[in-house]
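Student: I have a model open and want to learn how to read it. Where do we begin?

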Amino acid sequence: AAVGKPSPHESAQLHVLGQATYTDDIAELQGTLHAALGLSQKPHARITAMDLSAVRGAQGVVAVYTAQDIPGTNDCGPIIHDDPILAAELVQYVGQPIFIVVADTHDHARRAARLAQVSYEELPAIMTPQAAKAAQSYVLPPMQLTRGNYQAAFDAAPHVVKGQLYVGGQEQFYLEGQISYAIPKEAQGMLVLCSTQHPSEMQHVVAHALGVHSHNITVECRRMGGGFGGKESQSALWAAAASIAAAKLKRPVKLRADRDDDMLVTGKRHCFYYEYEVGYDDDGKILAAKVDMTTRAGYSADLSGPVATRAVCHFDNTYYLSDVDIRAACGKTNTQSNTAFRGFGGPQGAIAIEYVIDEIARHLQRDALDIRLLNFYGRNDGEGRNVTPYGQKIVDNVIHELVAELEESSDYRARRRAIDAYNEASPILKKGLAFTPLKFGIAFNVTHLNQAGALVHVYVDGSVLVNHGGTEMGQGINTKVMQVVAHELGLDLECVRATATDTSKVANTSATAASTGADLNGKAAQDAARQIRERLADYAVKLYGGDVSAVRFFDNHVHVNGHVVAFAELVQKAYLARVQLWSDGFYATPGLSWDAKTMTGHPFSYYAYGAAVAEVVVDTLTGEWKLLRADALYDAGQSLNPAIDLGQVEGAFIQGMGWLTTEQLWWNAAGKLMTHAPSTYKIPGISDCPEDFRVKLFQNRNVEDSIHRSKAVGEPPLLLPFSVFFAIRDAISSVGHHAVQPPLNAPATSEEILKAVMAVQAAGVAA
Ligand code: MTE
Ligand code: LUZ
Ligand code: MOS
């Protein structure tokens, strides 16, 4: 069977040979022009005058467009329409696009974009979530989820912990930057080749910007060189700008962001500022939990609402919290409009409760793993403690078994003792160890987005083509969907080919996001392939007799009433008999509901689980550190493809580690993001990966009827490297013999680590 096999990524060979076609590799049409964007230099200001004559006069320039030149709506925002394509009078962050310049070459366009003379009347700028909170400056109304009686439970609790935490944002740093190539077609038509996770949204935005109906616009994406959420909504600006220029000039226009522009213009993971207060008993059981989260949403709403909602719904992580008051507000700041990034608020919600648990454990001088175990949701056997604060009952909890397996295989307890001994004998180098669990809800938390479509063609030679609404960003969705189709028709994977995502093939698709790509599109493709198989089975019975329910498809053959017919042979015969050999397919996840007002319902189809153990060594003189060993166990259900899933877990682990340690976004006093290139923004490299990296998939089967009982894998493992952050905190704590709580915000850069070490030392001296 094609499903469940560790097949290589469908484009692996093309990737390593450099032969995979990304948008910028597509052969350019004759007459293609190149665009660049002119950007705001102020974080918050009124434009009082804009002199673009030098831009117009620059070498190679063909045209310059501002907001007034947009034929349709000047809007590229999803959900709430507060995102202009080009700022007209008001600019709201440094890097906000204000004009498009089109030239004969990419280089000419970029050079010309710098020649604008813009006068601004500056307005006060809000740069941080704390400042936004103080000013009550929000892009959306704040949200709140309560259960039980938080205040009474808190007041009665024997112990309390209160504090603040700050967790920074993160640049998606897809290797392929944002790009769109717009090609005008006859009669208002436009073909947009775009690196995007959401072709249908690009189609809508382009149609609106051009003032035409959606049926005129086709958006196509064969693959992305990574999206990580950054191309869910924010590819729209680039698609719209290229299309506006192409429509005006009636010539193909390509808009490719270089890295600096990409980082200055587009939004990132939301940074979070938390104020928490939690009551607990002598054993460390949490009795009451309150958290007030403020995000740096940036200047517009974008996806900040759903991101904050997911943060609220992941504050519980793997823990039963009886009495809660969970608040989230999307701070309006004069920065890039923050957006989706792997985990989509889930990691930001969950890390807060993990920080609280770390604090409780240190107060009680207990191993944090024991506090975690004590607070886990109940098992599925009716012991209770299994309803989330938002009212969804957990019926698939495997965290007890999964954590027990990892505790054993990682030798956690013995290594804890060994590290204590090491630290006693080592004055400068300190080791730290941490064990963190995860639970992640699978489904878009916006219910209607949980739908997908697919199209399967069987050609007369027996070869199969599948097209679906998902997009390939390296995560292997095409491989998985091809496996599902091959399995359904009893074929080898080689018999199936997947083609570019195309709005003219499957309509009204959702973003490939929320880790649901394979779940949704796999089911839709299965539905399409099943219909073809059933038609072929009916026809086979007509030819060879027997019972249709006994017809079997495997090993590229059809077994019917004692006959064995090659699939391709049956297909040929079926074609001549005028049997339809192609089909569409559709899927909508059942059982979902959400009431945004009360923040309750059944927003997730099921939960994925995981856990990790990290061991680090920290140099307490320099703040430098190294991850020595990481063990991770992840619940991918009955994995569709264990090779791809292991790669996803490893990649998410390292990416999440970068978020919590080395990746720091820094804006200067003038409001400009200064970390806008790899020279100043440090993502993990190969040498940051632990030499000893033990990643395994937990043996499980989805209790929900998901595609072949698999579970999603794209985002949840991003929570695994919480273990790295808390291992660093553990190493710092050992400096004060675990008597002082080290203050540590994320990212725990070497500078932050050194500051925390010094704070612990100072507290030790004072005591
Ligand atoms: N893996 C690779 N290689 N590149 C990516 O851009 N994006 C992640 C994850 N894994 C990403 C990735 C994010 S943010 C999501 S939501 C999922 O893949 C989307 O794909 P899926 O739903 O098909 O898993
Ligand atoms: N919800 C969610 C969403 O859980 N994940 C997403 O990526 C998303 N995107 C848009 C709207 N809601
Ligand atoms: Mo992923 S952040 O849902 O694109």
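Tutor: We take a sheet, its helices and then a ligand shell. This is a predicted model: local features need pLDDT of at least 70, side-chain atom pairs count only at pLDDT 80 or more, and totals for chains, interfaces and linings use all residues. Residues are numbered from 1 along each chain as its sequence is written, and chains are lettered from A and ligands numbered from 1 in the order in which they are written.

Student: What is the strand order in the open sheet of 5 strands?

Tutor: Strands are DSSP runs of E, at least two residues, numbered from the N terminus. Two strands pair if DSSP finds at least two bridges between them. Here the order is 7-15-14-13-8, with mixed pairing.

Student: Why is one side of strand 7 and of strand 8 left without a neighbour in the sheet?

Tutor: Strand 7 (143-147) and strand 8 (159-167) stand at the edges and have a single partner strand each, so one side of each lacks a neighbour in the sheet.

Student: How do strand 8 and strand 13 pair?

Tutor: Strand 13 (residues 272-280) runs antiparallel to strand 8, over 9 bridges. Val-160 has Gly-279 in strand 13 as its bridge partner.

Student: Which strands does helix 9 touch?

Tutor: Contact means C-beta atoms, placed from the backbone, within 7 Å. Helix 9 (residues 304-312) touches strand 7, strand 14 (286-298) and strand 15 (324-332).

Student: Which residues come nearest to ligand 2?

Tutor: A residue is near if its C-beta atom, placed from the backbone, lies within 6 Å. Of the 13 residues around ligand 2, the nearest are Pro-306, Asn-445, Val-446, Ala-513 and Ala-514.

Note on methods:
Helices (H or I, at least four residues) and strands (E, at least two) are DSSP runs, numbered from the N terminus. Two residues are in contact if their C-beta atoms, placed from the backbone, lie within 7 Å. Axes are lines fitted to C-alpha atoms, for helices over the stretch in contact, and angles run from 0 to 180 degrees between N-to-C directions.
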